[in-house]
Amino acid sequence: MGILGPDRNIFITGTGTSVGKTYFGCHLARFLTRKGFRVGVMKPIETGIVRDDRSDGALLKKAAKSEIPLEWVSPYRFKTPAAPIIASRLEKKKIGIPLILKKYHRLALDHDWMIVEGAGGLMVPILKGFYMADLILSLNLGVILIASEQLGTINHTLLSVHLAQSRGIKIFAIILNQRKSREDSTTRTHATILRENVDFPVLTYPKKIKGFYEESFWEQLLI
């Protein structure tokens, strides 16, 4: 059985912003859709939106070939490029967690898989005293943790792992996003060191985009 086991609803989080969460989520959605699954996607809160059609929510929706309205995929959308709590205050639009949960559970009823993507990392504040980790717990989802393959990633990743585990959040796997076209002596050791320090799988993005469509990569997660 694959890393995800029987779980078909997952939350994609990261060690920070711009580490490849949407990239991974979109390719996973495309793969599952090609396999004939009905894939539901959500980006419950998105900030820094310049154009709706280029937003993370829109990209996930397109990848899943979903006809669900964008307002369901991404209920809270802000132009301000900041943490949700800041964007919400600046744009005077309150974020309601019950609405997110209601839409998630409704979508989950109609889909074989649900892929939910967070904003930033686990401790990004949504409301006063309520963080992205709290949203994950409220949704009762396990996570795939995306980490950027760069200097400092071991510290950032292990901090995220420690926080998740201390809050009782299940981690299915760490995915290292290879942002460089070539590995160097430092980045080659990141996966090895992380594997020595965690008790769940650490996978590395295929270097080429076409690698995401190779069965061998996805089999590790799903089969």
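**Helix packing and the main pocket**

Tutor: In this predicted model, the axes of helix H1 (residues 21-34) and helix H2 (residues 56-63) come within 8 Å and cross at roughly 20°. Axes are lines fitted to C-alpha atoms, for helices over the stretch in contact, with angles from 0 to 180 degrees between N-to-C directions. Helices (H or I, at least four residues) and strands (E, at least two) are DSSP runs, numbered from the N terminus. H1 is therefore roughly parallel to H2 (angles under 35 degrees).

Tutor: Residues are numbered from 1 along each chain as its sequence is written. Local features need pLDDT of at least 70, side-chain atom pairs count only at pLDDT 80 or more, totals for chains, interfaces and linings use all residues, and side-chain values use heavy atoms, without hydrogens and water.

Student: Which residues in H1 meet H2?

Tutor: Two packed helices are described by the angle between their axes and the distance between the axes. Here Thr22, Gly25, Cys26, Ala29, Arg30 and Thr33 in H1 meet Asp56, Leu59, Leu60 and Ala63 in H2 (heavy atoms within 4.5 Å).

Student: What volume does the largest pocket have?

Tutor: Rolling a probe the size of a water molecule over the atoms shows where empty space is left. The largest pocket has a volume of about 280 Å³, the space filled by probe spheres set on grid points joined across faces, edges and corners. A pocket is an open set of points on a 1 Å grid over the protein atoms alone where a 1.4 Å probe fits, with protein on both sides within 12 Å along at least five of seven lines; lining residues have an atom within 4 Å of a point.

Student: Which element gives the most to that lining?

Tutor: Strand E5 (113-121) gives the most, with 4 residues. Of the 20 lining residues, Thr17, Lys21, Lys43, Asp56 and Gly120 are the closest to the pocket centre.

Terms used:
Parallel < 35°, antiparallel > 145°, perpendicular 65-115°, else oblique.
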